[in-house]
Amino acid sequence: MSEGPLSYQSPGRVNLIGDHTDYTGGLVLPMAINRYTKITGTRTPSTIRLRSQNEPEPVEFELPISSPEKISPSWGRYVAGVAAEMRSHAHGFDGEISCTIPIGAGLSSSAALEVATALALGDTSTSVERAKLCQRAEFLSVGVPCGIMDQLTVTSGIRDHALLIDCHELTISPVQLPTDVKVVVQFIAERKLTSSGYSERVAQCNSAEQIVGPLRLADLSSLASISDLTVRRRARHVVSENQRVREFAAMLRTGDIKSAGKLMTESHNSLDHDFETSTPQMNSAVESAVAQPGVFGARMTGGGFGGCIVILADAAAKVDGWQVRAVDAASQID
Ligand code: GLA
């Protein structure tokens, strides 16, 4: 089989509001951003050989692959997980990866690698199916029981829009971003979800659901029946965060950016106090950001335990960090 060079790219994502809600089927409001993972190369019959500009060692293996979690170097496990999930539909591929999404920063560099890989290996499914495939690949290859937000955002991004995603129904309502605001991301510290408290948080939400039923349907008053106070706080974050996402989307639509910004800061406080996924460094970055003129709100974004904060500001405000734009979904390019 011989074809000319093919190129595929996947954006990263930043989440404006709605963290640690996706794995209980809750609401999130992320956007795909203009930072990318790009894979360029040629199809092969059954060998996967990829070099990454960010990694010292290439990854190489033969299809079919049955134990992606054993692939070395470890970054290749994401690639192998996708190949394993695609089963006999995966082509081989020989190519180069370049990436402008900082790794371990909570901007979905792993989802971008998975989704760009799925495209390069010939996946032709829908954006929702591709996101589900890549979510399963992440669990299979690195054992993180992540929700669907990251993968679905990068397979479904829409230029100039955030995406209101119902992670139970897997429905997406685009929300246009006002032109007079900007979204800025500040990098705080590198972290790995595999060695963070992420899986423990997922388990605590499961425990809460054993008592009160699906958190996406629960109201705050029902949480009093959870006797473990830590689990109760985790549940309180999820239930209140779902409500904030609903309100935030409505405020963006009506242009009430000041109130939307306040909700971001409330979301941060909930992630800090009730969900305990923030860090002192992230808290002080949020505090200094919101004290600046023209800033409407700021919060930690993504899984937390490090990573980035996201800031919503007036387009004319001077704010440190990377200004990001909402972009279209992962696709073949060139
Ligand atoms: C990580 C996971 C997502 C989501 C966020 C927190 O990014 O991959 O599924 O749970 O954390 O909102």
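Predicted model: local features only at pLDDT ≥ 70, side-chain atom pairs only at ≥ 80, totals over all residues.
1. Residues are numbered from 1 along each chain as its sequence is written, and side-chain values use heavy atoms, with hydrogens and water left out.

2. Is Ala298 buried or exposed? Ala298 is buried, with a relative accessible area of 0%; buried means under 20% relative accessible area, exposed over 50%, and partly exposed in between (1.4 Å probe, protein chains only). Leaving aside neighbours within four places in sequence, Ala298 is in contact with Met264, Thr265, His268, Val286, Ala289, Val290, Val310 and Ile311, where contact means heavy atoms within 4.5 Å. Gly261 is 37 residues from Ala298 in sequence, and their C-alpha atoms are 7.0 Å apart in space.

3. Now step back to the domains. The domain assignment gives domain 1 (5-174) and domain 2 (178-324), with bounds that come from an automatic or database domain assignment. Their centres, taken over C-alpha atoms, are separated by 23 Å. At the interface, 36 residues of domain 1 are in contact with 43 residues of domain 2. The area buried between the two domains is about 3100 Å², of which carbon and sulfur atoms give 67%; this is the accessible area (1.4 Å probe) that two parts lose on being put together, summed over both.

4. What links the domains through polar atoms? Between domain 1 and domain 2 there are 15 residue pairs in polar contact (both at pLDDT 80 or more). A polar contact is a pair of N or O atoms within 3.5 Å; within protein, one must be able to donate a hydrogen and the other to accept it, and residues adjacent in sequence count only if both atoms are side-chain atoms. On the side of domain 1 that touches domain 2, the elements giving two or more residues are strand E1 (6-17), strand E2 (27-44) and strand E7 (171-176). E2 gives the most to this side, with 7 residues. The residues of this side divide into 19 nonpolar, 13 polar and 4 charged; Ala, Val, Leu, Ile, Met, Phe, Trp, Tyr, Cys and Pro count as nonpolar, Asp, Glu, Lys and Arg as charged, and the others, Gly among them, as polar.

5. Salt bridges deserve a look of their own. A search of the whole structure finds 16 of them, each being a side-chain nitrogen of Lys or Arg within 4 Å of a carboxyl oxygen of Asp or Glu. Across the interface of domain 1 and domain 2 the rule finds 1 salt bridge. Arg13 pairs with Asp150, the closest N and O atoms being 2.9 Å apart. This pair links distant parts of the chain, with Arg13 in strand E1 and Asp150 in helix H4 (residues 149-156), 137 residues apart. Arg13 is buried, at a relative accessible area of 2%.

6. Another salt bridge joins Arg299 and Asp19, with 2.8 Å between the closest N and O atoms. Both of these residues are buried.

7. Asp274 and Arg236 also meet in a salt bridge (2.8 Å, N to O). Asp274 lies in the loop between helix H7 (257-273) and helix H8 (280-290) and Arg236 in helix H6 (residues 229-254), so the pair ties together parts that are 38 residues apart in sequence. Asp274 counts as buried at 8% relative accessibility, whereas Arg236 counts as partly exposed at 40%.

8. Finally, some backbone details to check. Most residues other than glycine have a negative phi, and most peptide bonds are trans. Here, cis peptide bonds join Leu63 and Pro64, with omega about 0°, and Ser72 and Pro73, also with omega about 0°. Pro64 sits in the loop between strand E4 (59-62) and helix H1 (76-86), and Pro73 is found in the loop between E4 and H1. Arg87 has a positive phi near 50° and is exposed, with a relative accessible area of 61%. Ser108 has a positive phi of about 65°, but Ser108 is buried at 6%.

Key. Helix = DSSP H or I, 4+ residues; strand = E, 2+ residues; numbered from the N terminus.
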